[in-house]
Amino acid sequence: MNIQKTKELHDLLYAFMGMFHEKFLIRFRHEYDGLPWIKKNHAKIMNILYQHNHLTSTEIGKMLDIEKGSLTTIIDQLAEKGMVIRFNDANDRRRNLISLSTAGRDEMNRVMDFYTRKLDVFLQKVDAEEITRFIDSLRYVVWFMKKM
């Protein structure tokens with residue numbers, strides 16, 4: 001890969017991240033009237049845990065680029081509010097795993113339902129073929145990123 005393609009890839013990734021936050025996450029987060037104490041990093045951690053059965057704090061920190069001290073504080077807050085649970089890995093007792101609690105999963109189900117309905121309204125004016133192309137493109141991007 002040449003340096004110009006690498007720069008274009010870099011620019012596209014950052015442009016996507018910025019637009020994803022602006023067009024979707026920020027808009028929907030401000031409209032959701034769920035738990036008022038949840039800040040954006042709480043929500044990001046809960047979303048990551050919603051996508052995975054359980055993770056270590058190190059894995060969460062790497063995925064979200066959150067420093068260990070800050071991450072520990074946020075996970076402690078989520079545990080105190082009953083949104084996540086910590087438990088020992090059955091295969092390695094030295095490893096602690098974090099998972100959504102039943103209450104945390106219920107809250108995330110409400111969030112996902114709300115976001116899905118808002119996204120449906122948001123996309124009403126977009127051509128169906130464009131939506132299909134966008135979904136196919138995102139499927140490819142996710143496949144490609146998992147492969148790396």
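Biologist: Why is R94 called exposed?

Modeller: R94 has a relative accessible area of 74% in this predicted model. The term applies over 50%, so R94 qualifies as exposed. Its place is in strand β2.

Biologist: How far apart are R94 and G104, in sequence and in space?

Modeller: R94 and G104 are separated by 10 residues in sequence and by 25 Å in space, taken from C-alpha to C-alpha. G104 is one of the buried residues of α5.

Biologist: How do you know that the length of helix α5 agrees with what its residues should span?

Modeller: Helix α5 comprises the 21 residues 102-122, and at 1.5 Å a residue these should span 30 Å. The expected span uses one less than the number of residues.

Biologist: Which residues of α5 are buried?

Modeller: They are G104, E107, M108, V111, F114 and Y115. Around the axis they cover an arc of only 125°, and therefore they lie on the same side of α5.

Biologist: Which exposed residues does the face of α5 turned away from its buried side carry?

Modeller: That face carries T102, T116 and V121. As for the buried residues of α5, their cover includes α1 (3-31), α2 (40-51) and β2 (92-100).

Biologist: Which residues of α2 are buried, and what makes them line one face of the helix?

Modeller: The buried residues of α2 are H42, I45, M46, I48 and L49. Seen down the axis of α2, they fall within an arc of 160°, so one face of the helix is lined by them. What covers these residues includes α3, α4, β1 (84-89), β2 and α5.

Biologist: Why is T56 called buried?

Modeller: The relative accessible area of T56 is 11%. T56 occupies the loop between α2 and α3 (57-64).

Biologist: Which residues does T56 touch, not counting those up to four places away in sequence?

Modeller: With those neighbours in sequence left out, T56 touches R95, N96, L97 and I98.

Biologist: What makes D65 count as exposed?

Modeller: D65 has 68% relative accessibility. The threshold is over 50%, and therefore D65 counts as exposed. D65 belongs to the loop between α3 and α4 (68-80).

Biologist: What is phi of D65 near?

Modeller: Phi of D65 is near 55°, which is a positive value in a residue other than glycine.

Biologist: Why is D76 classed as partly exposed?

Modeller: D76 stands at 30% relative accessibility. Under 20% would be buried and over 50% exposed; D76 lies in between, so it is partly exposed. D76 is in helix α4. From D76 to K44 there are 32 residues in sequence and 15 Å in space, C-alpha to C-alpha.

Biologist: How do you know that L123 is partly exposed?

Modeller: L123 has a relative accessible area of 25%. The buried class is under 20% and the exposed class over 50%, so L123 is placed in between, as partly exposed. L123 sits in the loop between α5 and α6 (128-147). Its C-alpha is 27 Å from that of H10, which is 113 residues away in sequence.

Biologist: Does Q4 count as buried or exposed, and where does it lie?

Modeller: Q4 is at 63% relative accessibility and the cut-off is over 50%, so Q4 counts as exposed. Q4 lies in helix α1. Q4 and H52 are 48 residues apart in sequence, and their C-alpha atoms are 35 Å apart.

Biologist: How many helices and strands does the chain have, and what percentage of its residues count as buried?

Modeller: The chain has six helices and two strands, in the order α-α-α-α-β-β-α-α from the N terminus. Of its 148 residues, 20% count as buried.

Conventions. Residues numbered from 1 in each chain as written. Predicted model: local features only at pLDDT ≥ 70, side-chain atom pairs only at ≥ 80, totals over all residues. Heavy atoms only, no water. Helix = DSSP H or I, 4+ residues; strand = E, 2+ residues; numbered from the N terminus. Buried < 20%, exposed > 50% of the residue type's maximum accessible area, 1.4 Å probe, protein only. Arc of directions from axis to C-beta. Contact = heavy atoms within 4.5 Å.
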